[in-house]
Amino acid sequence: MRAHRIAFIGTGTIARAHAYVMDALSHYYDDLPSRIRDVVASHQAERAQIFATQHGFDRALVLEDFWRCGDIDTVFILGDSIGHFQQLRSALRIVGIRRIYVEKPICMTQHEESQIADIAANLPPEITVQVGFQFLQMGVVRRALRLLKEGLFGSPVHFHIRYLHGAYLEKTYRDVRQSRLQSAPVGGAISDLGSHAFSLAIAFLGTDIEVTAARQAGGFSDVPENSDLCTTVLVHATRSNSIGTLVASRISAGAGDFLEMEFRGTEGAFRFSTE
């Protein structure tokens, strides 16, 4: 079996988490294909070299040089959200590419979103693109989706999804994450946290959901005025004619990392909380 030649784009916390999971896979699966950690790429050469040394990658490159690499078949796009879409487009042009994993969100603007459908429609059958929404893989969520498909809840009536953090209440936490506090849509809770909420809404209600209203709130003197710290969205699922709210917040006191879902239908209800 030919070894997978793997490249990471990004050297931050998420990249380290993927390197850790890659190490752990052999403890759970006996039939893993062989893997070569070939390249790690970053905008900063020093960070790429440190990451490559720590996590066993053969080469460290600045991102501009990475796109000229050959013999890469698997790419993990794990850097800042603002670069995900363009890096996906560039990765699709790599000769021999077979697998692309993109951290959420896959795009940041309506213009980028409009191009996603064209990319999906013209994706060669030999290439797999996956976007990271880990909450969809939780056992309780998978079970609820099966029960929904079996008709246990009846037709959806209303729903609520909240994903809350509290860490950005602390100035010391904000100080080292200024790049994530840029004005929306480049930064903000709705793209960072809200993308998970939307992934759950789509899984339970289908793709025909419309945002009918939205409002953001919260502010600190050291944060740009239009930075999205907390957003509430009103959503209409047109197929079932159900209505609901999605809340994404980085400044919710008492919520370290809190996810809550509630779906109510004509025959039953599903409620879940990480607390």
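**Figure 1. Strand 8 (209-217) gives the most residues, six, to the lining of the second largest pocket.** The model is predicted, with local features requiring pLDDT of at least 70 and side-chain atom pairs pLDDT 80 or more, whereas totals for chains, interfaces and linings use all residues. Residues are numbered from 1 along each chain as its sequence is written, and side-chain values use heavy atoms, without hydrogens and water. A pocket is an open set of points on a 1 Å grid over the protein atoms alone, where a 1.4 Å probe fits, with protein on both sides within 12 Å along at least five of seven lines; lining residues have an atom within 4 Å of a point. Strands (E, at least two residues) and helices (H or I, at least four) are DSSP runs numbered from the N terminus.

**Figure 2. The second largest pocket holds about 1200 Å³ of space.** Among its 33 lining residues, Pro105, Cys107, Glu113, Ser195 and Phe198 are the closest to the centre. Helix 5 (110-121) and helix 8 (189-192) are among the elements giving two or more residues to this lining. The lining comprises 19 nonpolar, ten polar and four charged residues.

**Figure 3. The largest nonpolar core has 28 residues.** Such a core joins buried (under 20% relative accessible area, 1.4 Å probe, protein chains only) Ala, Val, Leu, Ile, Met, Phe, Trp, Tyr and Cys residues through side-chain atoms within 4.5 Å. Ile161, Leu200, Phe204, Leu205, Met261, Phe263 and Phe270 touch the most other members. Helix 9 (194-205) contributes the most, five residues.

**Figure 4. Contacts (heavy atoms within 4.5 Å) surround Leu200.** Excluding residues up to four places away in sequence, Leu200 touches Phe135, Leu136, Val141, Ile161, Leu259, Met261 and Phe263.

Key
Buried means under 20% relative accessible area, exposed over 50%, partly exposed in between (1.4 Å probe, protein chains only). Grid points are joined across faces, edges and corners, and a volume is the space filled by probe spheres set on the points. Ala, Val, Leu, Ile, Met, Phe, Trp, Tyr, Cys and Pro count as nonpolar, Asp, Glu, Lys and Arg as charged, and the others, Gly among them, as polar.
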